[in-house]
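Subject: Structure for your review

Dear colleague,

I am handing over to you the structure shown below. My findings follow it, and I would be grateful if you would read the two side by side.

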Amino acid sequence: MHIEGQQLGRYRLLRLIGRGGAGNVYLADDQRLTRQVAIKVIESEDPNSEATREATRLFEREARTIAMLSHPNILPLFDFGQETIDGAILAYLVLPFCPEGSLVKWLSQLNGTGTPMLLPHQVLHIVQQAADALDYAHDKQIIHRDVKPSN
């Protein structure tokens with residue numbers, strides 16, 4: 001389903017900025033607060049199927065889990081919602097939009113080959129930030145399960 005330009009709650013979807021196994025991420029305008037945000041959307045065509053109910057339940061659990069976290073190296077959850085458009089259920093998470101993108105995007109921009117050379121202290125700084133965030137989440141009994149530079 002093409003959903004660019006659609007309205008999800010107070011958010012107008014502008015363009016696709018990423019694809020993942022659990023859904024797509026869009027750049028959107030928060031029309032109430034006049035700011036740009038990133039919206040992760042999962043789409044389910046059959047609202048009555050068991051698979052749709054389970055995916056929506058897991059997505060809401062993800063939202064509640066993220067909402068429990070407050071750490072400088074973990075993006076906060078701004079909002080969570082669900083809309084029906086043309087018979088499809090769209091569940092979504094609203095997160096800060098980071099124009100610089102993911103770590104993998106930043107690393108690939110360091111040089112044109114996609115294999116940048118970092119100094120050891122730079123690598124240490126990046127790994128320390130990730131480790132601090134994971135340690136914080138683990139202290140809250142939360143396991144990430146998908147740690148990678150694109151996340």
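**The hairpin and the sheet**

In the hairpin formed by strand 5 and strand 6, two residues lie between the strands, and D86 takes a positive phi near 50 degrees. Helices (H or I, at least four residues) and strands (E, at least two) are DSSP runs, numbered from the N terminus.

Please note that this is a predicted model, in which local features need pLDDT of at least 70 and side-chain atom pairs count only at pLDDT 80 or more, while totals for chains, interfaces and linings use all residues. Residues are numbered from 1 along each chain as its sequence is written, and side-chain values use heavy atoms, with hydrogens and water left out.

Six strands form an open sheet in the order 1-2-3-4-6-5, with antiparallel pairing. Strand 1 (7–8) and strand 5 (79–85) stand at the edges with a single partner strand each, so one side of each is left without a neighbour in the sheet. Two strands are taken to pair if DSSP finds at least two bridges between them. Helix 1 (residues 50–67) packs on the sheet and touches strand 4, strand 5 and strand 6 (contact means heavy atoms within 4.5 Å). The direction of helix 1 makes about 15 degrees with that of strand 6; axes are lines fitted to C-alpha atoms, for helices over the stretch in contact, and angles run from 0 to 180 degrees between N-to-C directions.

**Strand 6 and its partners**

Strand 6 (residues 88–96) pairs with strand 4 in the antiparallel sense over eight bridges. Strand 5 also runs antiparallel to strand 6, and seven bridges join them. Within these pairings, L93 of strand 6 has K40 opposite it and also F80, while V37 stands opposite P96. Nine of the nine residues of strand 6 are buried, so strand 6 is largely enclosed by the rest of the structure. Here, buried means under 20% relative accessible area, exposed over 50%, and partly exposed in between (1.4 Å probe, protein chains only).

**K40**

K40 lies in strand 4 (residues 35–44). Is this lysine buried or exposed? K40 is buried, with a relative accessible area of 18%. The side chain of K40 makes a polar contact with that of E62, at 3.0 Å. A polar contact is a pair of N or O atoms within 3.5 Å; within protein, one must be able to donate a hydrogen and the other to accept it, and residues adjacent in sequence count only if both atoms are side-chain atoms. With neighbours within four places in sequence left aside, K40 is in contact with A22, N24, V25, F59, E62, A91, Y92 and L93.

**Salt bridges**

Side chains of opposite charge can pair when their charged atoms come close. A salt bridge is counted where a side-chain nitrogen of Lys or Arg is within 4 Å of a carboxyl oxygen of Asp or Glu, and the count comes to seven. In one of them, the side chains of D30 and R10 meet at 2.9 Å, N to O. This pair links distant parts of the chain, with D30 in strand 3 (residues 23–30) and R10 in the loop between strand 1 and strand 2 (11–20), 20 residues apart. D30 is buried, at 2% relative accessible area, whereas R10 is partly exposed at 22%. D30 also forms a salt bridge with R35, the closest N and O atoms being 3.6 Å apart; R35 is partly exposed, at 31%.

Another salt bridge joins the side chains of E60 and R64 (2.6 Å, N to O). Both residues lie in helix 1, four residues apart, about one turn of the helix. E60 is partly exposed, with a relative accessible area of 28%, and R64 is exposed, with 56%. Salt bridges that share partners join R10, D30 and R35 into one network.

**Nonpolar cores**

A nonpolar core is a set of buried Ala, Val, Leu, Ile, Met, Phe, Trp, Tyr and Cys residues joined through side-chain atoms within 4.5 Å. The largest has 13 residues, and those with the most contacts inside it are L8, Y11, L13, I39, V41 and Y92. Strand 2, strand 3, strand 4 and strand 6 each supply at least two residues of this core. Apart from it lies another core, of eight residues, among them I42, L77, A91 and L95.

Yours sincerely
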